[in-house]
Amino acid sequence: KLLSNDLSVGLTAEKKMDELYATVLESGDWEDDDFVKSYSEFMGVLLAAKEPLSMNGMQLLHGHDPSIAFGDILSSVGPLLNGWRDPKTPVRIVHLSLRDYLTSESRCSPRAFVNEVEYNTKLATMCLATLNEKLTSELPRIEYIKHGLWYIPTTFKTAVPEDLSYACRFWIDHVVQIKGPIPS
């Protein structure tokens, strides 16, 4: 479909990229409610996260919600991502123009649009839920101050699950960006 499309002749680079993204996204099963929910949750977290998360990390933050099947959406959105084939590798978008496209209501189709503000709020609540559930006294003791500077040592990242590590480091960043009332 991409190779046979002659309509992009004379378009700006941005319009050509938008057309490419729209064509890839059209391959999704937008009639399936589970696909739509999984797409929304996956892309929302991917774009609102403060650092890239792996597929495992995203699933853990969602609490292994059985109604969210990230694997099901990857056959259609996978060409727009790097790192999704290995569940332990951080997933990244292939180009920043994809973020611009997906977060622009005027450029993106309504069903593929990602409201980054909404997902920032969701990430804040997911981080707080993760902290409440998993921040226990059984975690390995780790020194947090070294030479007068705050830091999170690399042993923390390997000794603690990815979702808890992310929540410990970024919960406050998400909370301070919440606009409006926090959903219950």
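Okay, ground rules. What you see is a predicted model, where local features need pLDDT of at least 70, side-chain atom pairs count only at pLDDT 80 or more, and totals for chains, interfaces and linings use all residues. Residues are numbered from 1 along each chain as its sequence is written, and side-chain values use heavy atoms, with hydrogens and water left out.

So, the overall layout. The chain has eight helices and four strands, and in sequence order they run α-α-α-α-β-β-α-α-β-β-α-α. Those come from DSSP runs, numbered from the N terminus: H or I of at least four residues for helices, E of at least two for strands. Of the 184 residues, 38% are buried; buried is under 20% relative accessible area, exposed is over 50%, and partly exposed is in between, with a 1.4 Å probe and protein chains only. The chain exposes about 10900 Å², with carbon and sulfur atoms supplying 56% of that. That area is Shrake-Rupley with a 1.4 Å probe, and for residues only the protein chains shown count as cover.

Now contacts, meaning heavy atoms within 4.5 Å. Take the ones between residues at least 6 apart in sequence: 65% of them join residues at least 24 apart.

Let's go to the core. Which residues touch the most other members of the largest nonpolar core? They're Tyr39, Phe42, Leu81 and Leu102, out of 43 residues. A core here is a set of buried Ala, Val, Leu, Ile, Met, Phe, Trp, Tyr and Cys residues joined through side-chain atoms within 4.5 Å. Helix α2 gives the most to this core, eight residues. As for Leu81, if you skip neighbours within four places in sequence, its contacts are Phe42, Leu46, Leu74, Val91, Arg92, Ile93 and Val94.

Stay with α2, residues 33–48, and look at its partner α6, residues 116–134: they pack at about 90°, axes 9 Å apart. The axes are lines fitted to C-alpha atoms, for helices over the stretch in contact, and angles run from 0 to 180 degrees between N-to-C directions. For the classes, Ala, Val, Leu, Ile, Met, Phe, Trp, Tyr, Cys and Pro are nonpolar, Asp, Glu, Lys and Arg are charged, and the others, Gly among them, are polar.

Buried or exposed? Asn120 is buried, at 4% relative accessible area. Beyond four places in sequence, Asn120 contacts Ala48, Lys50, Asp173, His174, Gln177 and Ile178.

Then there's α2 against α4, at about 80° with the axes 9 Å apart, which makes that pair roughly perpendicular as well. On the α2 side we have Phe35, Ser38, Tyr39, Glu41 and Phe42, meeting Phe70, Asp72, Ile73, Leu74, Ser76 and Val77 in α4. That contact counts seven nonpolar, two polar and two charged residues.

Last stop, the loop between α3 and α4, where Ala69 sits. Ala69 is partly exposed at 26% relative accessibility. From Ala69 to Phe42 it's 27 residues in sequence and 9.0 Å in space, C-alpha to C-alpha.

Notes: Parallel < 35°, antiparallel > 145°, perpendicular 65-115°, else oblique.
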